[in-house]
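Subject: Structure handover

Hello,

Here is the structure I promised to pass on. Please open it first, then read my notes below.

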Amino acid sequence: MQKRLVKIGEAAKLLGTTPDTLRKWEASGELLPARKTKGGTRYYAVADLLGLADESSPTVCYARVSSHDQKEELERQHAMLEAYCAAKGWKAEVIKDLGSGMNDRKKGLNRLLELILRGKMRRLVITHKDRLLRFGAELVFTLCEIQGIEIVIIHKGEQPSFEEELAQDVLEIITVFSARLYGSRSRKHQQTVEALKNVAGAQD
């Protein structure tokens, strides 16, 4: 039984995108037409398109910052990830988290892990390696490799030193501990946090 073929305009409608995006996907190897005439007319198999449309997201981006006062940085990561994927012609979804890199129970991270374990994505895109976890990122990368998921790290250089990361981790741990011990709005908690920030600043 022959597959039903449609031209690029109808194919784009089925996927909720544009013909230009389909051309970009073809150039990047993301989605190739089932047939292409000598004149350049592209035909796509409907069955293949519907299968692609059923996927939760071929490309998943992950952005994270540690604290609420870094929300602008979180939005910058989001914009960078979207722009990068758009330039590649990748249909992408961005998952965002706000929390410590040492916390492995964040909502966004748990959703990302579920997508990886279920094989519901083609690639993972992050701005830096430490956006996933301070410790344990390699395990996530291994899971991606097992599932055949491509890993794309936009910036591989200019990472914080081990000492800087360790100081930040210790600061996060003590901040959380003091908040629980004294109450997040107490004067003693605020004094503790400010003192730690002053010490960390003096080390820079």
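Arg123 lies over the face of Trp90, at 3.8 Å from the ring centre. This is a predicted model, so please read every value below as computed from it.

A search of the whole structure turns up 1 aromatic pair. The partners are Tyr84 and Trp90, with ring centres 6.1 Å apart. Their planes meet at 65°, so the pair is edge-to-face. Tyr84 has 26% relative accessibility and counts as partly exposed. So Trp90 has the ring of Tyr84 as its pair and Arg123 over its face.

The charged end of Arg35 is placed over the ring of Tyr43, 4.5 Å from the ring centre.

Now the salt bridges. The count comes to 10. Three of them are described here.

Start with Arg42 and Glu26. Their side chains meet in a salt bridge, at 2.4 Å from N to O. The pair links distant parts of the chain, 16 residues apart. Arg42 is in strand 3 (residues 42–45). Glu26 is in helix 2 (residues 19–28). Are these two buried or exposed? Both Arg42 and Glu26 are buried.

Next, Arg111 and Glu93. Their side chains also form a salt bridge, 2.5 Å from N to O. Arg111 lies in helix 5 (residues 107–117) and Glu93 in strand 5 (residues 92–98), so the pair ties together parts 18 residues apart in sequence. Arg111 counts as partly exposed, at 37% relative accessibility.

Then Arg76 and Glu73. The closest N and O atoms of this salt bridge are 3.2 Å apart. Where do the two residues lie? Both are in helix 4 (residues 71–88). They are 3 residues apart, about one turn of the helix. Arg76 is partly exposed, with a relative accessible area of 48%. Glu73 is partly exposed as well, at 31%.

One more place to look at is Leu14. This residue is in helix 1 (residues 8–15). Leu14 has a relative accessible area of 36% and is partly exposed. Val46 is 32 residues away from Leu14 along the chain. The C-alpha atoms of Leu14 and Val46 are separated by 8.4 Å.

Finally, the chain as a whole. How many helices and strands does the chain have? There are 8 helices and 7 strands. The chain has 204 residues, and buried residues make up 36% of them. Take the contacts between residues at least 6 apart in sequence: 65% of these join residues at least 24 apart. The accessible surface of the chain comes to about 12700 Å². Carbon and sulfur atoms hold 53% of that surface.

Go on to Arg42 and Glu26, which are both buried. Then turn to helix 4, where Arg76 and Glu73 lie.

Best wishes

How values were computed
Residues are numbered from 1 along each chain as its sequence is written. This is a predicted model: local features need pLDDT of at least 70, side-chain atom pairs count only at pLDDT 80 or more; totals for chains, interfaces and linings use all residues. Side-chain values use heavy atoms; hydrogens and water are left out. A salt bridge is a side-chain nitrogen of Lys or Arg within 4 Å of a carboxyl oxygen of Asp or Glu. Helices (H or I, at least four residues) and strands (E, at least two) are DSSP runs, numbered from the N terminus. Buried means under 20% relative accessible area, exposed over 50%, partly exposed in between (1.4 Å probe, protein chains only). Contact means heavy atoms within 4.5 Å. Accessible areas come from the Shrake-Rupley method with a 1.4 Å probe; for residues, only the protein chains shown count as cover. Rings of Phe, Tyr and Trp (its six-membered ring) pair if their centres lie within 6.5 Å; planes under 30 degrees apart count as stacked, over 60 as edge-to-face and the rest as tilted. A charge sits over a ring if NZ of Lys or CZ of Arg is within 6 Å of the ring centre and within 35 degrees of the ring normal.
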